[in-house]
Amino acid sequence: MNGRILAGQQNGAYVIKLIGDVRLTLCAALEDYLERMFEDNGLQSVTVNLREAEGIDSTTLGILARMALRARRECGFKPIICSCDASINRLLESMAFDQIFEIHKEDASGPEPVSELPTVLKDTAQVKQKVIEAHGALMDLSEQNRVRFQDLITSLKQN
């Protein structure tokens, strides 16, 4: 299933719902939404609902990692990820997401997302920079991630 991202908020409680196979093509819209979210002085919490996600690429994971680190640094809270899928849970654990998120292996609670994030087109240089930043965030989480993504980052920076 093609990926979609839904989002919404109520009284400072933000929810982001990933559906289907979420890939690089949706990352610009996700980053734009997260920037607007952090501009909200009433931001209280973030829940990422992965219950309907079938796949998540490493760039999307890196953007979520950057969001979690920023939430802790600027707002003083750890976002929540909800996932019932064993393979996605293994992926989250292998990326060291348990260090930066509260991982709940049950249904998400909170407001239902009300709108789908539109596809945002960026030029090739912008996309490349976002991929580098996202993977850099993953590399900072663990030595295993650093080894896993070092060749990709080196290659992207050389081209």
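**A pocket, its salt bridges and the nonpolar core**

Helix 1 and helix 2 each contribute at least two residues to the lining of the largest pocket, where helices (H or I, at least four residues) and strands (E, at least two) are DSSP runs numbered from the N terminus. The model is a predicted one, in which local features need pLDDT of at least 70 and side-chain atom pairs count only at pLDDT 80 or more, while totals for chains, interfaces and linings use all residues. Residues are numbered from 1 along each chain as its sequence is written, and side-chain values use heavy atoms, with hydrogens and water left out.

The largest pocket has a volume of about 220 Å³. A pocket here is an open set of points, on a 1 Å grid over the protein atoms alone, where a 1.4 Å probe fits, with protein on both sides within 12 Å along at least five of seven lines; lining residues have an atom within 4 Å of a point. Grid points are joined across faces, edges and corners, and the volume is the space filled by probe spheres set on the points. Helix 2 gives the most to this lining, with 6 residues. By type, the lining of the largest pocket divides into 5 nonpolar, no polar and 7 charged residues, with Ala, Val, Leu, Ile, Met, Phe, Trp, Tyr, Cys and Pro counted as nonpolar, Asp, Glu, Lys and Arg as charged, and the others, Gly among them, as polar.

Among the lining residues are E31, R66 and K130, and these three, together with E133, are linked in a network of salt bridges; a salt bridge is a side-chain nitrogen of Lys or Arg within 4 Å of a carboxyl oxygen of Asp or Glu. E31 is buried, with a relative accessible area of 10%, whereas K130 is partly exposed at 33%; buried means under 20% relative accessible area, exposed over 50%, and partly exposed in between (1.4 Å probe, protein chains only). The side chains of R66 and E133 form a salt bridge at 3.5 Å, N to O, and since R66 belongs to helix 2 (residues 58-75) and E133 to helix 4, the pair ties together parts 67 residues apart in sequence.

M67 is listed with L18, V46, V48, L50, F97 and F101 as the residues that touch the most other members of the largest nonpolar core, a set of 47 residues. Such a core consists of buried Ala, Val, Leu, Ile, Met, Phe, Trp, Tyr and Cys residues joined through side-chain atoms within 4.5 Å. In soluble globular proteins, nonpolar side chains tend to be buried together. Leaving aside residues up to four places away in sequence, V48 touches I16, L18, L64, M67, I80, I81, C82 and F101, contact meaning heavy atoms within 4.5 Å.

Most residues other than glycine have a negative phi. Phi of N11 is near 50°, and that of A96 is near 70°, each a positive value in a residue other than glycine. N11 lies in the loop between strand 1 and strand 2 and is exposed, with a relative accessible area of 71%. A96, in the loop between helix 3 and strand 5 (102-104), is buried at 6%.
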